[in-house]
Amino acid sequence: MDKIWGQAREELQKIVGADSFATWIEPLRLAGVTDGTAVIACPTRFLSDWVSRHYSDDILKVLDRVGGPVHRLNFETRSPVIRQAANSVEPRPQAAPRAVDEELTAPLDQRFTFDNFVVGKPNELAHAAARRVAEGGPVTFNPLFLYGGVGLGKTHLMHAIAREIQARQPEARVLYLSAEQFMYRFVQALRDRTVMDFKELFRTVSVLMVDDVQFIAGKDSTQEEFFHTFNTLVDQGKQIVISADRAPGEIKDMEERIKSRLQCGLVVDLHPTDYELRLGILQSKTDVFRLQYPGLQLAPGVLEFLAHRITSNVRVLEGALQRLFAFASLMGREITLDMTQECLADILRANDRKVSIEEIQRKVAEHYNIRLSDMIGPKRVRTVARPRQIAMYLSKQMTSRSLPEIGRRFGGRDHTTIMHGVRKIEELRSADRSLAEDIDLLRRLLEA
């Protein structure tokens, strides 16, 4: 079995790539093959579910080729046998950990758990990576770097990771704090001449979690200490989880060596919410609010209306729903579309799309370094046509203009041309990660 699985692993690494292999395939082992059914042992239920959904076809094909015939896979949750190389160094026993200073660790919000985190396509990878880290075990990517705009779920996932690790490993020293708190403690240690105590505290934790790391950008002394703390923990095989409002390479005034370290693990973008995810969040929150406000009636179409109109971030979306339920409860009225528009008039006005087609064309032209005149001109070379289609797609997504009107703004093109461009970008976006990142960046720049 070991020989067959060894050959299969080599082929799977080529198919899925080194990073995905280390994260999802490496922890597995082949427990046996009986009557064409291969039993795959997984260390956790979560890993078993994820691999069966995303990699079962690849594993089945490879196993059938190198050790066949294999017609079916059976994933079982078992602790894999860990074989240590003959020349490996036996790890030295460590002293029993002491409790982390409770005043230093930021309080964890009891509401933020994996169970109530609504998963959709924009945050699927971030959620999976967070669950993988929270399960503990050997560190497969370090650090885990989560980034995205306000209200997209970074803090929710950070709190969920910390709570899950504490529940699974009560002896683990999990230190969760904001970058601002890290700087404050460091400055306090400098003032009180207790820098060595500070270093010992931060460098002997099991898991270090730092929120909003962009805060230390431009603060030289704090960056220096953070850099050395980061390196020490990574060298010790300790897990680090970090969040920010932008990718490491986009953080202005952050030292290049720190940017490089932050990018050496898994960097995951929490994309802006789409309609389906917003609707799912509203439905989940509605179930909670119904318990708080029993008897309230919610008319059909209200949640769909909110998911369509409030696109800024999840916090605004949840706040709007909370206000709506409270208002309906106080007034003793059913939650209808008319009442929703009356109660949330200010939020709906603030979320009205104000981006113009001309602004979209200008921003896309600048991003791809083409002339604005080419955006509406007849050129059909790929270097011009693709940015033009992206501008068409964003115009359809971010304005309320009709397809014929968008066509007129793009040099008098027919509405079917606009429709084709929009569909083309929708197809490419799901397959081309680089293009998807470009579109998300342009959207953020236009919404800023």
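Predicted model: local features only at pLDDT ≥ 70, side-chain atom pairs only at ≥ 80, totals over all residues.
Local features need pLDDT of at least 70 and side-chain atom pairs count only at pLDDT 80 or more, while totals for chains, interfaces and linings use all residues. Residues are numbered from 1 along each chain as its sequence is written, and side-chain values use heavy atoms, with hydrogens and water left out.

An unreviewed UniProt entry places the feature "binding site" at Gly151, Gly153, Lys154 and Thr155; such annotations may be inferred rather than shown by experiment, and the feature names are shortened and the positions given in the numbering used here. Gly153 is found in the loop between strand 4 (144-147) and helix 6 (154-168), where helices (H or I, at least four residues) and strands (E, at least two) are DSSP runs numbered from the N terminus. Contact means heavy atoms within 4.5 Å. Leaving aside neighbours within four places in sequence, Gly153 is in contact with Phe117 and Leu270, and Thr155 with Phe112, Tyr176, Asp211 and Arg315.

Thr155 lies in helix 6 and counts as partly exposed because its relative accessibility is 22%; buried means under 20% relative accessible area, exposed over 50%, and partly exposed in between (1.4 Å probe, protein chains only). Among the buried residues of helix 6 are Lys154, His156 and Leu157. The buried residues of this helix pack against helix 5 (124-134), strand 4, strand 5 (174-178), strand 6 (207-211) and strand 7 (239-244).

The count of disulfides (pairs of cysteine sulfur atoms within 2.5 Å) comes to zero. Cys343 is buried, with a relative accessible area of 9%, whereas Cys264 is partly exposed at 47% relative accessibility.
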